[in-house]
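Hello,

Here is the structure I promised to pass on to you. Please open it alongside this email, and my notes follow below.

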Amino acid sequence: MESMEERFRKGYTPLFKRNDDLLQNLFGEVEKSSHKTLILWSFLLIKEPVAYLTGRYSNSYILEKGVDIAWQWAQGNTTRSDAERVMKMIELAAEETDEKGEKCLFKAVNEAFLTIGDRSHAMGFAEYDLSSLVYEEGPIRGLGMIGSKIREYEEKLEAAKAEEKTNLGPWAPFLSSERKSLA
């Protein structure tokens with residue numbers, strides 16, 4: 001297995017993979033969570049990156065539109081194809097920056113949106129967000145910050161589990177049947 005330093009040096013995105021040891025506890029919790037919980041978790045996770053990117057890029061209005069369309073999709077008020085058009089625009093916005101860390105943030109937000117249609121994308125936010133942190137802070141400082149970031153994800157996942165109990169919807173019809181595994 002390649003070391004994180006090798007992945008960084010080679011410029012991989014994402015730097016992290018769900019089977020990395022440091023993500024195993026989080027992955028286990030995500031795997032046990034319902035699809036609705038993972039959607040709510042995604043919306044908690046994207047707040048900071050969306051605010052940051054919106055402040056940095058003039059075309060980032062698409063992120064705010066993405067949040068709205070994604071929520072409409074989760075509620076069954078718009079189609080997957082409408083959401084995919086917005087996600088494609090976010091991908092194009094990511095191409096406008098040369099900063100690896102910011103590209104990773106755009107991709108993290110997109111992964112969060114993709115979680116609505118397929119729960120297997122739920123870990124994608126963490127993989128790209130952690131990569132963004134390491135690219136922004138550098139491998140030594142960034143890797144030192146990973147543990148607290150993962151704890152933040154875990155706390156937000158617990159908050160999403162609690163929120164699901166009180167959030168009765170509306171939810172899109174495709175969310176009424178739950179799959180039990182991310183594999």
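First, a word on confidence: the mean pLDDT of the protein chain is 89, and 94% of its residues reach 70 or more. Please keep in mind that this is a predicted model. Among the elements of the chain, helix 3 has the highest mean pLDDT, 97, while helix 1 (residues 4-10) has the lowest, 83. The stretch to be careful with is residues 179-183, where the pLDDT is below 50. Beyond near neighbours in sequence, that stretch still has 13 contacts in the model. Where pLDDT is low, the predicted coordinates should not be read in detail.

Now to the inside of the protein. The largest nonpolar core has 55 residues, and those touching the most other members are Phe-16, Leu-26, Val-30, Trp-41, Ile-46, Phe-106 and Tyr-153. Two or more residues come from each of helix 2 (24-32), helix 3 (35-45), helix 4 (47-56), helix 5 (61-75), helix 6 (80-94), helix 7 (100-114), helix 8 (122-137) and helix 9 (139-166). Helix 8 gives the most to this core, with nine residues. In soluble globular proteins, nonpolar side chains tend to be buried together.

Leaving aside residues up to four places away in sequence, Ile-46 touches Val-67, Val-109, Ala-112, Phe-113 and Phe-125.

Helix 5 has 15 residues and runs 22 Å from its first C-alpha to its last, close to the 21 Å expected at 1.5 Å a residue. Its buried residues are Ile-62, Leu-63, Gly-66, Ile-69, Ala-70, Trp-73, Ala-74 and Gln-75, and they pack against helix 3, helix 4, helix 6 and helix 7.

Which residues of helix 6 are buried? They are Ala-83, Val-86, Met-87, Ile-90, Ala-93 and Ala-94. These residues cover an arc of only 105 degrees around the axis, so they sit on the same side of helix 6. The buried residues of helix 6 pack against helix 5 and helix 7.

Finally, the aromatic rings. The count comes to five aromatic pairs. One of them is Phe-43 with Trp-71, an edge-to-face pair at 5.0 Å centre to centre, with 85 degrees between the planes. Because Phe-43 lies in helix 3 and Trp-71 in helix 5, this pair ties together parts that are 28 residues apart in sequence. Phe-43 is buried, with a relative accessible area of 14%, whereas Trp-71 is partly exposed at 25%.

Phe-125 and Tyr-153 also form an edge-to-face pair, 6.1 Å centre to centre and with 80 degrees between the planes. Here the link runs between distant parts of the chain, from Phe-125 in helix 8 to Tyr-153 in helix 9, 28 residues apart. Both Phe-125 and Tyr-153 are buried. To return to Phe-43 and Trp-71, ring pairs link them with Trp-171 into a cluster.

Note on methods: Residues are numbered from 1 along each chain as its sequence is written. Side-chain values use heavy atoms; hydrogens and water are left out. A nonpolar core is a set of buried Ala, Val, Leu, Ile, Met, Phe, Trp, Tyr and Cys residues joined through side-chain atoms within 4.5 Å. Buried means under 20% relative accessible area, exposed over 50%, partly exposed in between (1.4 Å probe, protein chains only). Helices (H or I, at least four residues) and strands (E, at least two) are DSSP runs, numbered from the N terminus. Contact means heavy atoms within 4.5 Å. pLDDT is the predictor's confidence in each residue, from 0 to 100. The arc is that of the directions from the helix axis to the C-beta atoms. Rings of Phe, Tyr and Trp (its six-membered ring) pair if their centres lie within 6.5 Å; planes under 30 degrees apart count as stacked, over 60 as edge-to-face and the rest as tilted. The expected span of a helix is 1.5 Å times one less than its number of residues.
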